[in-house]
Amino acid sequence: MRPTLRALTLAAALLVPTLTPVAASAQVDADAPRAVPSSGVRFTADDGALLEVSGVANARRFLGTVELLPRRGGVDVVNELPFDDYLLGLAEVPRSWPEAVLDAQVIAARTYAWRSIRRGTFRDFDICATVACQVFRGAEVLLAPGGDRWRAAVERTRGRALVADGEPILARYFSTSGGRTYANEEVFDSSGAFDYLTAIADPFDALSPLHRWEVRFTRAEFDAILAEGRTLSATVPSADVERLGAADDPQAEVRVTGQDGTAVTVRAIVLRDFVSSTAQRLFPDRFPPLRADGRARLPSTIPTTRFDVEVTDDAVVLHGLGWGHGVGMGQWGAHGRALAGHSADEILAAYYGGLTPVVDPALPGTIRAGMGAADLDAGPVEVRLTTPTRVTTVGGAAWSTSLGTWRIAADGRRLAVIPPRGDGEPLALTPTRAFPGVTWGPGRTPGSVHPGSSDATDLRITTNKPVLLRLEVTAADGRTVRTDDLGLVEAGAHWIRWFHDTAGGARVPAGRYEVRLVGVDGEGDEAGEATTVV
């Protein structure tokens, strides 16, 4: 199969180092202008356009505006975007699940995010992007398989949220209840009780692979884990492990007794967190163990505090149920209800005290999602602009409308910003040059003549700044043979191979053709001169 024109644009520079002094996507001009704004820098794309950002956990592409802020000797990333575009980036349930589940999840998430905005918990953003708030992955969810089903759920439920006493409710949700949800005050005693967050039986949850789970430690493994604890190490070698309180009591404690009679009592949640992290560190091949269905590992060594303990001569076994905090809507329970024919409204009413969603005009228009600190281990954050993008300081001062790769690094309490090479300069694009009679293969490079081979032509241009590149081929009678948008190229030299074919793949008749590589910069300026190919 022939390489595509787009692939050649990116790959050719690597194939012809002798003819291409600038590797378009890799080099940064050390003499490029540097600016150090104290407040940060913003990149705002047009509606539907994507921004590509390096160094962000679980996300690479974003809609809307990406804001980079100087924080604690690093770079914080915030994605500001329309409220429903934010919902498009949530990764909370599989997109293959029934529509009723997707709709219920969108409404719960919309309500939760709205409440977060109203509460103003965070300083520079409205909501975080992790399980501590809601899992947000930029545009990755929308672009992944099934993204169209999730988009449809957002559109079907547009404007709908759960409201009580004129305010968005605290629409907590989680994965698996194990058969019973908790009341809010049982788990989150600091926030108290809510009429719509009460404990309910949840039999529809039974289809979850985490409805019931088991974790088995050998006695030697369990003692090795206890030995890592500051207080629990006193119980090694252990003799007994006993839960003090019901399995579904989130405030229950666990007592560990050593063979010498030393007893240490800790809260079940403390034991869960300590054992989960220590087991995975000491025995990574064993923990977390497989789920009951054998298809994947448990999400953590001990998924919840809902477990009973069995101690035998050879093992310490935890028999548990569920995954997640257990308050509000159980996602697997919602799945089971949808399969039983329940609508989204019925699912929400079951988990939120009979409340059903309403259309509320007070919903916000935008939201700011805090993506956390960028990973700078591999170097500065790179923001790649593949469509014309407005670049400003956080304070609103205009910088440019730009294309190409910007690099941002921490500089104490400020940011060091390196624009793409040539940014801000007038566009300069060399005329298209053609090298006919070439070959494609080992030992050959674009532009090298090989007698007897005339099935393709190599085209070469050099640009002083990033541009969107376009190939135009016109026959002698003025007919357009093909037009190809080749995407973004950085400043430097670029090779394109044309295989003497039309846009449909048919070989063109012999004759003269005008071939032009056209570059359009971020300001919309265009340049490019044609050459004749026989």
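Before anything else, I noted my terms: a residue is buried under 20% relative accessible area, exposed over 50%, and partly exposed in between, with a 1.4 Å probe and protein chains only. Helices (H or I, at least four residues) and strands (E, at least two) are DSSP runs, numbered from the N terminus.

**Entry: ground rules.** I am reading a predicted model, where local features need pLDDT of at least 70 and side-chain atom pairs count only at pLDDT 80 or more, while totals for chains, interfaces and linings use all residues. Residues are numbered from 1 along each chain as its sequence is written, and side-chain values use heavy atoms, with hydrogens and water left out.

**Entry: the whole chain.** I found ten helices and 30 strands. Of the 534 residues, 51% count as buried. I took contact to mean heavy atoms within 4.5 Å. Among contacts with a separation of 6 or more, 66% come from residues 24 or more positions apart.

**Entry: helix α9.** How much of α9 is buried? I looked at residues 331–339 and found eight of the nine buried. They are Gln-331, Trp-332, Gly-333, Ala-334, His-335, Gly-336, Arg-337 and Ala-338. Their cover includes α3, β10 (173–174), β17 (329–330) and α10 (344–351). Just after the helix, I noticed that Gly-341 has a positive phi of about 100°.

**Entry: α3 against α5.** Next I followed α3 (residues 99–119) to α5 (residues 147–156): their axes come within 9 Å and cross at roughly 60°. Axes here are lines fitted to C-alpha atoms, for helices over the stretch in contact, and angles run from 0 to 180 degrees between N-to-C directions. Angles under 35 degrees count as roughly parallel, over 145 as roughly antiparallel, 65 to 115 as roughly perpendicular and the rest as oblique. The two helices are therefore oblique to each other. On the α3 side the contact is made by Glu-99, Leu-102, Asp-103, Gln-105, Val-106 and Arg-110, and on the α5 side by Arg-149, Trp-150, Ala-153, Val-154 and Arg-156.

Entry: I count two strands as paired if DSSP finds at least two bridges between them. Strand β4 (residues 65–71) has seven of its seven residues buried. Thr-65, Glu-67, Leu-69 and Arg-71 point one way, and Val-66, Leu-68 and Pro-70 the other. Which strands does β4 join? Four bridges tie it to β1 (residues 41–44), antiparallel, with Arg-42 opposite Glu-67. Seven bridges tie β4 to β5 (residues 74–82), also antiparallel, and there Pro-70 stands opposite Val-75. The β4–β5 hairpin has two residues between its strands, and Arg-72 takes a positive phi near 50°.

**Entry: a three-stranded sheet.** I traced an open antiparallel sheet in the order β12-β13-β14. Its edge strands are β12 (238–244) and β14 (263–267), each pairing on one side only. Neighbouring strands are turned by 20° against each other on average, direction ignored. Five bridges join β13 (residues 253–258) to β14, with Val-256 opposite Val-264. Helix α7 (residues 219–226) lies across β12 and β13, at about 75° to β12. Helix α8 (residues 268–282) packs on the sheet too, touching β12, β13 and β14, and its direction makes about 95° with that of β14.
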